[in-house]
Amino acid sequence: MRKALAVYRKELRQIRRDRRTLTTIVFVPAFFLLLYGYALNFDIRHIALAVQDRDGTPQSRALVSAFVNSGYFDRVADVYSPAELDRLLDLNTARAALVIPEGFSRDLLNGRMPQVQFLINGDNANTATTVMGYAGNIARSAGATIASDSVEPPAAPVSVEPRIWYNPELRSTLFLVPGLIAYILMITAVISTSLSIVREKESGTMEQVRMAPIDTFSFVVGKSIPYFFISLASAALIIFAAMLLFGLPMRGNWLALLLALSLFIAGALGTGLLISTVAETQQVAFQAAMLSSFLPTLMLSGFIFPISSMPYALQLITHIVPARYFLIALRGIVLKGTPLRLLWPQMVALSIYALLMLTFSSVRLARERR
Amino acid sequence: MADNPRASAEPAAIDVRGLTRRFGQFVAVDKVTFDVRRGEIFGFLGSNGAGKSTTIRMLCGLLKPTSGTATVGGVDVTRDPEGVKRRIGYMSQRFSLYELLTVDQNIEFFGGVYGLDAAKLVERRRFVIDMAGLAGRETTLARDLAGGWRQRLALGCAILHEPAILFLDEPTGGVDPLSRRQFWRLIDALSQSGVTVLVTTHYLDEAERCHRVALIHAGRLAAIGTTTEVKQIFAGRPILEVRTDRSVEAMRLLDGFPEVEKTSLFGTAVHAVLRRGDARAEAIESRLRGLGVAVESITPVVPSLEDVFLDVIDSFSREPAAESEGRSASGRDA
């Protein structure tokens, strides 16, 4: 116990004096939060829209206004020929075009479903899909309004009334912040733990400690507890910052959140320890951490790319990515207020991950000390 | 040199019998046998990769021997490596301190991992600060200490727990001569207080300060004894130091002389080992002059440990299958 405490105190003192580690731990999370929070935004606004209104009636103008007033579209040009439209789309002056045919208002007022043409530049498939969704919704609701303002009631027998739960404004930031937390914890926990041990190998202090009668358990505990609390503080910092800056809600139980965070961090620390038993230089440790932790967390956890739209083989692989379970739990607790008892599969998965990593790394570390 | 305590009847502090370590096919340490008595300063000499560090790592309980036995302070290194660790101090050439901790914090940390209680730590801290001459620098970062102080602090951290046996792995690398002398004075004092010291070194002048030395080459013990004994390898084989303005050419010519066994370059001079017999310096000098070499001086010299070292390596490479028990240097002439 005294030995673990000695390692713990030493580690804290080192971290305090080590500018580089401190910067990594404190500023990288803040930087990432701002970067991803503001720049990585899947909400699409201000799409340059070209309009060809061949109907020229109050009704057709009302439809164009509905598009512009939605806030998603900026009307950049009015065109009068298909050739001109092609040119604008080719030049990328317009990303989308709305073509209202002659007879639009006549059809609408006669209770016939009028057709409008909507052209989208599909070079960015994600954006195109989203824009198409927006356009469809605007056209439907505007069409209904315009029609009901006129004579006949709308003829739609079934209408969909969408209600979006948990994130009614569909702000992608809310969806991204939990992933960001996982990502940042991977950086602070995996990188800083593995580097702290590998640095000791490089400087020779590891050998000196190995010559001392200190057991692996005390060493691992003393070494990882500071990083555990730092990672936890780092997570708290991101969560509170996201609440302040992006209006992240906290609908669930704080204790459940703490549990999820702790399990995930424990696993990440174990991964860092494991890497440090393999790597002899900081560079190798860093690369190993990148490959084993960052990339899977970024690509295969559902942080940015939905797992359900991945190829089947990749979907299978995501089952061994701990961030996948962590994200489900975190989004559940923070955004939906899901009670802990519904998240037990995720908690079990995270526990297994933590247990596996800590056991495996301790065994390797003990063997290395022989 | 202090009194040689090897004559005492006490059990050996370090007792090594047929110690062997293989890494795959490579035999790093090959059936090494020696013992070190309590309070003795025992020098371990050899070039890089000769097997010195591997031997030390086995003796410290860090590496399992492939075969053979070793006891350190009466404890078997294979059976109870943790027991060994409690009894020994270890300091490496890197003076492994925590750069970002102060002098005091380094002492506190190493005291902690050795399990010292608070009262003991206070006492030992005072001792180490005094010994290393670090009074007034307690709050200096280890990073900011000059070489000699770092070295003495590292030594202090290695003996915080008052080990009976101290392993020093090239402890004076990169330290100025004055600090080296100071360091060796500390080692002498420790030895006098009964601490057994096993030290590896490249510096042959340091070897002269050891009570006994062992030469290790290619994993095998090549010679063991006091420095005087070890130099007996050259009994009956005079060494001539030849100074000329063209050492390399002189060396080539000397190699062709029948009475010259071998030559080596020593700074700007050439050392020529003569075969047993009555070869005389004058004869060699005149023949060299006859061949057009301007000889400045040619004098018989007392063999240094370096001569011994080179000779041992040389004879080993000529007889690779030599038996590996440490040959007593004096026994070689018999």
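The model is a predicted one, so local features need pLDDT of at least 70, side-chain atom pairs count only at pLDDT 80 or more, and totals for chains, interfaces and linings use all residues. Residues are numbered from 1 along each chain as its sequence is written, while chains are lettered from A and ligands numbered from 1 in the order in which they are written.

Chain B comes first. Its C-alpha trace spans about 75 × 45 × 40 Å along the principal axes. Chain B holds 11 helices and 14 strands; here helices (H or I, at least four residues) and strands (E, at least two) are DSSP runs, numbered from the N terminus. Of its 334 residues, 46% count as buried. A residue is called buried if 20 or more other C-beta atoms lie within 10 Å of its own, exposed if 12 or fewer, and partly exposed in between, with C-beta atoms placed from the backbone. Among the contacts in chain B with a separation of 6 or more, 71% join residues 24 or more positions apart. Two residues are in contact if their C-beta atoms, placed from the backbone, lie within 7 Å.

Where the chains meet, 20 residues of chain B are in contact with 22 residues of chain A. On the chain B side, helix 2 (81–87), strand 6 (88–92) and helix 3 (103–113) each supply at least two residues, and helix 3 gives the most, with 4. By class, this side of chain B has 9 nonpolar, 5 polar and 6 charged residues. Ala, Val, Leu, Ile, Met, Phe, Trp, Tyr, Cys and Pro count as nonpolar, Asp, Glu, Lys and Arg as charged, and the others, Gly among them, as polar.

Over in chain A, helix 7 (residues 172–203) and helix 13 (residues 322–336) have axes that come within 9 Å and cross at roughly 135°. The two helices are therefore oblique to each other: angles under 35 degrees count as roughly parallel, over 145 as roughly antiparallel, 65 to 115 as roughly perpendicular and the rest as oblique. Axes are lines fitted to C-alpha atoms, for helices over the stretch in contact, and angles run from 0 to 180 degrees between N-to-C directions. Residues making this contact include Leu174(A) and Pro178(A) of helix 7, along with Phe326(A) and Arg331(A) of helix 13. The contact residues divide into 10 nonpolar, 1 polar and 1 charged.

Helix 10 of chain A (residues 254–278) has 25 residues and reaches 36 Å from its first C-alpha to its last, close to the 36 Å expected at 1.5 Å a residue. That expected span is 1.5 Å times one less than the number of residues. Helix 10 is also mostly covered, with 18 of its 25 residues buried.

Now for two glutamates in chain B. Glu162(B) sits in the loop between helix 5 (147–158) and strand 7 (165–169), and its phi is near 50°, a positive value in a residue other than glycine. Glu162(B) is partly exposed because 14 other C-beta atoms lie within 10 Å. Glu170(B), in the loop between strand 7 and helix 6 (177–192), has a positive phi too, near 45°. Glu170(B) has 20 other C-beta atoms within 10 Å, so it is buried.
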